[in-house]
Amino acid sequence: MRTPPRPPSAPRRTKSPLLIAAGIGMLGVLGLGAMFLHGGRNFARTVDDVGGLAELAFIQSQLRPLDACRIEYGGRRAGRQVFGSSDSVKVFSCAEPSEVVGVDVPVERRTEGVSFDMARRSSTEPWEVLVDKDTVAFPLLKNALEQLTPLILEQYPPVLLRQREQNAEYYRDLKARREAQQTREQGARDSYPR
């Protein structure tokens, strides 16, 4: 018995790239809308650079020689989540952004309700001091910087140096283990008669 040949299948219709792009764009708009709705005013909050103020010149001069390009302090809200705290200051190295040192802040030097970021591209540049002027009064910011700067200068350099020494030792050990493994493997290969 012969079966009749199957008719060719109908060509599959692909969605137009324009339709796909419109769908992705709509999802993006809905996502941003949801973030603004749940994050409220905090999500859209902007910060201002006050690093050039004369009142902060002394702090600028103290922190300028530091091998750091970012400093973060205080809690900040993104939607319902809070990031950072007044318990420590995060200091990021210029050489390697993954080198982060947490500088502990004693209770008597903590400044609740103050958050700021400091940033620069290299250790030769002045610091931008980024703060939300709507929530942090300048006297509180200045006081926090005056309280934290000696701690940063005291704790950050030796901890960064210790981290770098530990990393260098780790990579030396790793290299030695790899070389020993290669030597063993080569010895095993060479042990067979030719």
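Which residues does Ile152 touch, not counting residues up to four places away in sequence?

**View 1. Overall layout of the predicted chain.** The protein chain has three helices and eight strands. Read from the N terminus, the elements follow the order α-β-α-β-β-β-β-β-β-β-α. Of its 194 residues, 25% count as buried. Among contacts with a separation of 6 or more, residues 24 or more positions apart account for 67%.

**View 2. Ile152 and its contacts.** Leaving aside residues up to four places away in sequence, Ile152 touches Leu63, Leu66, Ile71, Val89, Val91, Val103 and Pro157. Ile152 is also one of the residues that touch the most other members of the largest nonpolar core, together with Ile71, Val89, Phe116 and Tyr156.

**View 3. The largest nonpolar core.** This core holds 28 residues, and those touching the most other members are Ile71, Val89, Phe116, Ile152 and Tyr156. At least two residues each are supplied by helix 2, strand 2, strand 5, strand 6, strand 7 (116–119), strand 8 (128–131) and helix 3 (138–190). Helix 3 gives the largest share, eight residues. Helix 3 lies across strand 2, strand 5, strand 6, strand 7 and strand 8, and runs at about 130° to strand 6.

View 4. Six strands form an open sheet, in the order 1-8-7-2-5-6, with antiparallel pairing. Strand 1 (48–49) and strand 6 stand at the edges with a single partner strand each, so one side of each is left without a neighbour in the sheet. In a regular strand the side chains alternate between the two faces of the sheet.

**View 5. Strand 2 and its two partners.** Strand 2 and strand 5 run antiparallel and are joined by four bridges. Within this pairing, Ile71 has Val91 of strand 5 as its bridge partner, and Tyr73 has Val89. Strand 2 is also joined to strand 7 by four bridges, again with the strands running antiparallel. Here Glu72 stands opposite Asp117 of strand 7.

**View 6. The disulfide between Cys69 and Cys94.** The model contains one disulfide, and this bond joins Cys69 to Cys94 with an S to S distance of 1.8 Å. The link of Cys69 and Cys94 is right-handed, with 100° about the S-S bond. The pair links distant parts of the chain, 25 residues apart: Cys69 is in the loop between helix 2 (57–63) and strand 2 (70–73), and Cys94 is in the loop between strand 5 (88–92) and strand 6 (100–104). Is Cys69 buried or exposed? Cys69 has a relative accessible area of 11%, under the 20% cut-off, and is therefore buried. Cys94, at 23% relative accessibility, counts as partly exposed, because that value falls between the cut-offs of 20% and 50%.

**View 7. The aromatic pair of Tyr73 and Phe116.** The whole structure has two aromatic pairs. That of Tyr73 and Phe116 is tilted, at 5.7 Å centre to centre with 40° between the planes. Tyr73 lies in strand 2 and Phe116 in strand 7, so the pair ties together parts that are 43 residues apart in sequence. Both Tyr73 and Phe116 are buried.

**View 8. The aromatic pair of Tyr170 and Tyr171.** Tyr170 and Tyr171 form an edge-to-face pair, at 5.1 Å centre to centre with 75° between the planes. Tyr170 counts as partly exposed, at 44% relative accessibility. Tyr171 has a relative accessible area of 53% and is exposed, because that value is over the 50% cut-off.

**View 9. The surroundings of Arg64.** Arg64 lies in the loop between helix 2 and strand 2. At 33% relative accessibility, Arg64 counts as partly exposed. Not counting residues up to four places away in sequence, Arg64 touches Arg120, Ser123, Thr124, Pro126 and Trp127. Arg64 and Trp127 are 63 residues apart along the chain, yet their C-alpha atoms are separated by 7.4 Å.

Methods:
Residues numbered from 1 in each chain as written. Predicted model: local features only at pLDDT ≥ 70, side-chain atom pairs only at ≥ 80, totals over all residues. Heavy atoms only, no water. Disulfide = S-S within 2.5 Å. Buried < 20%, exposed > 50% of the residue type's maximum accessible area, 1.4 Å probe, protein only. Core = buried A, V, L, I, M, F, W, Y, C linked by side-chain atoms within 4.5 Å. Contact = heavy atoms within 4.5 Å. Pairing = 2+ DSSP bridges. Phe/Tyr/Trp six-rings, centres within 6.5 Å; stacked < 30°, edge-to-face > 60°. Axes fitted to C-alpha atoms, helices over the stretch in contact; angles between N-to-C directions.
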